[in-house]
Amino acid sequence: MKVSILIIGTGSIAIRHVKNILKICSKNVDIHVFSKNSNRSKVFAKKYKINYLSNLSSFEINNKKFTHLIIASNTKSHSIYLKKFYKLIKNIYCEKPIPHDENFNFLKNISINKKINNNIKIGFQWRFNPTVKFVKKYVSKNIKNIYQIDLNIGQNLKQWRKNYNYKNLKYAGNSKFSGVHWELCHELDILNFIFSKKIQIKSVLNTSNRLSVKVIDIANTISNSTYEKIIFRISQNMLSPHLMHNIIIYSMKEILEFDLINNIYFIKKKSNV
């Protein structure tokens, strides 16, 4: 069966999706790309030898009979495209995050999606990481002994896209949808995944201007309430001189540090005190 995929967006994430799809199933797939900038769509389609759509009318969508949709556009448009297509296309993958939209509550519509048998996934892929899965099992088994969990992530913005001027990246923009708390928000999902419930949080956001860009580049978050008497802390930054991504679990018996970059962990056992 041939798969027909529509990709919305022509940026670096869209490029990654196209390359992966062509690598996995180049013979049985029909890919179309769309961008509000029609010229970008044409150039993108020509480069990767795929098709493009000139508009996103319901007629075009129904006529092409797309089986899959990938939303890889800018952050603020994620909810817009979800609202437009969640009833029209069966399988949807939307890049994270999903900005709150008072006119379209995505979480509320999850129950509707189940009724119409749609498969909608949001791009928080770190919950599939084997180390994160191990952490979830460890926490479940040792929850009575754990009193604090820290999640830390950091990478210098200059290193994010080596072939681009970092000051021109959307992440460095001054809109409310840019900044470290948007781009490195996987930690919030990891927290929800580990405990299978929503955790209330409070954050302190800072624009240090150390990279000469007016963007929130440091965010420190703490749980607003405890769960099983555990405190949660999340640290995110765009300034770290090297890439770091870890989870530290503090318990009455031991301290565990999980390195999510190398998928290894270290244990410091309780000393005789």
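Helices (H or I, at least four residues) and strands (E, at least two) are DSSP runs, numbered from the N terminus. With that in hand, take Ser 240, which lies in the loop between S10 and S11. Before going further, know that this is a predicted model, where local features need pLDDT of at least 70, side-chain atom pairs count only at pLDDT 80 or more, and totals for chains, interfaces and linings use all residues. Residues are numbered from 1 along each chain as its sequence is written, and side-chain values use heavy atoms, with hydrogens and water left out.

Is Ser 240 buried or exposed? Ser 240 has a relative accessible area of 8%, so it counts as buried (buried means under 20% relative accessible area, exposed over 50%, partly exposed in between, using a 1.4 Å probe and protein chains only). Leaving aside neighbours within four places in sequence, Ser 240 is in contact (heavy atoms within 4.5 Å) with Gly 154, Gln 155 and Asn 156.

Now for the nonpolar cores. Such a core is a set of buried Ala, Val, Leu, Ile, Met, Phe, Trp, Tyr and Cys residues joined through side-chain atoms within 4.5 Å. The largest one here has 22 residues, and Val 139, Ile 149, Phe 195, Ile 247 and Ile 249 have the most contacts inside it. At least two residues of this core come from each of H6 (130–142), S7 (146–154), H8 (186–195), S10 (231–237), S11 (244–251) and S12 (254–259). H8 gives the largest share, five residues. There's also a second, separate core of 18 residues, and Leu 69, Ile 71, Tyr 86 and Ile 92 are among them.

Let's stay with H8 for a moment. Eight of its 10 residues are buried, and what covers them includes H6, S7, S10 and S11. Just past the end of H8, Ser 196 takes a positive phi of about 55°.

Finally, look at the rings. Rings of Phe, Tyr and Trp (its six-membered ring) pair if their centres lie within 6.5 Å; planes under 30 degrees apart count as stacked, over 60 as edge-to-face and the rest as tilted. A search of the whole structure turns up six aromatic pairs. Phe 134 and Phe 258 have ring centres 6.0 Å apart and planes at 55°, so this pair is tilted. Phe 134 sits in H6 and Phe 258 in S12, 124 residues apart. Phe 134 also forms a stacked pair with Tyr 265, at 5.2 Å centre to centre and 25° between the planes. Together, ring pairs link Phe 134, Phe 258 and Tyr 265 into a cluster.
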